[in-house]
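User: Hey, can you walk me through this fold? I'd like the layout and then the ligand surroundings.
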Amino acid sequence: MPQIAKEPKTKRAAAIRKCQSERRKRLKTLTIEVDKETHGKIKMLANIRQTTLQGLLFDTLKSLLDSQSNLLPRPWSVLEPLREESKCERTHVSLFSGCGGIDLGFRQAGFKTVFANDLDPDACSTYRSNLGEIVEGDIHTVSLPRMRKKLDILSAGFPCQPFSNAGSRKGIKDKRGTLYQTALEVVEELKPRAVVFENVRGLLSFKTEKKLLIEEICEHLDFLGYDVLFSLVDASKHHVPQKRLRVFMVGIERAKKNGRFSFPAPVERNDLTLKHTILDICQNTQNQQELIQLNPQAIHIGSMVPEGGSWKSIPYEKLPERLKKIADNMEKYRWPNFYRRFHRNEVAGTITAAFKPENAGVWHPLEQRVFSVREIARIQSFPDWFRFEGRNIKSKYQQIGNAVPPRLAYELAAQIDKTLNGEDLRGESGLLTFEQFVKTGKPLRACDRDVVFSKSGASNNEG
Ligand SMILES: C[S@@+](CC[C@H](N)C(=O)[O-])C[C@H]1O[C@@H](n2cnc3c(N)ncnc32)[C@H](O)[C@@H]1O
């Protein structure tokens, strides 16, 4: 029988020493002193668990740290301080920039905004006081920038009211509904390496005369030479302390040097509740003293709602006649959830531009008032240094409600940056083809995989 040659002792000892030294390099030593009794208890527990003392302490500490993810930096901390423009290597053109939610996140991820535009003077004031120059005016009348070098990215969060479920869904009959075409025309003209469009969920089901509008937009981008993916993204799965579902479309120019994009993987955090988000704001933080004053009846109804409740928690006989009428015929009114007051241990609901104290969850969990401008800015992940300007408080609520949460924009931009560096982010994860998405006939959910659109067949993005 052949003999297995034994390793010489010195060689084995050297191998063990190497192994130990590599382990030491990976680990750091933490020395703690414990009293005799505790030491005995730890030793006993280690015996029961059939592990070593170090093993037991390591596992216990690690699981404690994992469960305390509030030790993670706060959602907006990556947005402070603002990155210097000279330290941004990529270029960004921003359409429908609003107060700059997308632009702030993109800037922190290394994209310098070389052109921004919005119609609203108040949003432009906010933009200027925090981020820099913005061209104020209708997109149809402003001149586009001349790019000396290839543009890296173009973003457009075209107005969403025409597709919003909360609105009348006039869609493309509404003048604002055709602004997506204007955005596509600008893409055609500037030919950026990547495109990001953002809109409300209603865009996914909106039909033009012939097809789904999302298909029409994807087809157009595909025709212009982009591999397109879209996804319904829940901001609360991307470090934002708010449940907010929005559709994002990302187009990556079909070019050899570009990698394959995929949306960032969802992240679970247990420190995104209202308690973690707004309860520590100091009174002298900018925009904290600004909130709409409600009429006495609204305050009276709101103050009857307990933390975590809504108008449904108010005894019927205490409701005003108007609400009694609705309560008597809930089906007709589609089960409204008026006067929602989120619990401090819940994640906030969507902050919308309308900011209606009656039919949105904008009541402070503990006080008899609605959220302040700063509080909704925090819920949208804006850092405290970002100051909101405007003629009145309503306008500030509107700018914030309209914005893409900057932390989410940062996560997306970081992912696009990697793609433009040639990284393949697709990995092994499967994708939903556009045909599969249509075939299911079901609404897309935030937990679904990214939908990839590829009509021209030239895609390098097929999973
Ligand atoms: C949904 S908001 C965009 C928010 C922005 N993406 C952000 O992250 O803060 C849409 C913006 O489009 C602007 N807008 C609407 N019609 C416009 C037009 N014709 N030209 C330029 N901007 C327009 C609105 O003033 C509004 O600020």
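Predicted model: local features only at pLDDT ≥ 70, side-chain atom pairs only at ≥ 80, totals over all residues.

User: What's the strand order in the open sheet?
Analyst: The order is β3-β2-β1-β4-β5-β7-β6-β9-β8, and the pairing is mixed. β3 (135–136) and β8 (432–433) stand at the edges with a single partner strand each, so one side of each has no neighbour in the sheet. Two strands pair here if DSSP finds at least two bridges between them.

User: Which way do β1 and β4 pair, parallel or antiparallel?
Analyst: Parallel: β1 (residues 90–95) and β4 (residues 153–156) pair over four bridges, with S94 opposite S155 in β4. β1 also runs parallel to β2, joined by five bridges, and R90 has F111 of β2 as its bridge partner.

User: Is β1 enclosed or open, and what makes it so?
Analyst: Largely enclosed by the rest of the structure, because six of its six residues are buried. Buried means 20 or more other C-beta atoms within 10 Å of the residue's own; 12 or fewer is exposed, in between is partly exposed, and C-beta atoms are placed from the backbone. R90, H92 and S94 point one way from β1, while T91, V93 and L95 point the other way. In a regular strand the side chains alternate between the two faces of the sheet.

User: Now helix α5, residues 121–130. Which of its residues are buried?
Analyst: D122, A123, C124, S125, T126 and Y127 are buried in α5. Their cover includes β2, β3 and α12 (393–402), going by contacts, meaning C-beta atoms placed from the backbone that lie within 7 Å. After α5 comes G132, with a positive phi near 125°.

User: OK, ligand time. Which residues come nearest?
Analyst: F96, G98, G101, G157 and A403 come nearest, out of 22 residues around the ligand. A residue counts as near if its C-beta atom, placed from the backbone, lies within 6 Å of the molecule. α4 (101–108) and β2 each supply at least two residues of that shell.

User: Which members of the largest nonpolar core touch the most others?
Analyst: L154, A183, V250 and V451, in a core of 99 residues. A core is a set of buried Ala, Val, Leu, Ile, Met, Phe, Trp, Tyr and Cys residues joined through C-beta atoms within 7 Å. Helix α13 (residues 406–420) gives the largest share of this core, seven residues. Leaving out residues up to four places away in sequence, V250 touches A194, V196, L229, F261 and I416.

User: Last one: is L64 buried or exposed?
Analyst: L64 is exposed, because 10 other C-beta atoms lie within 10 Å. L64 sits in helix α3 (residues 53–67).

Definitions and conventions: Residues numbered from 1 in each chain as written. Contact = placed C-beta atoms within 7 Å.
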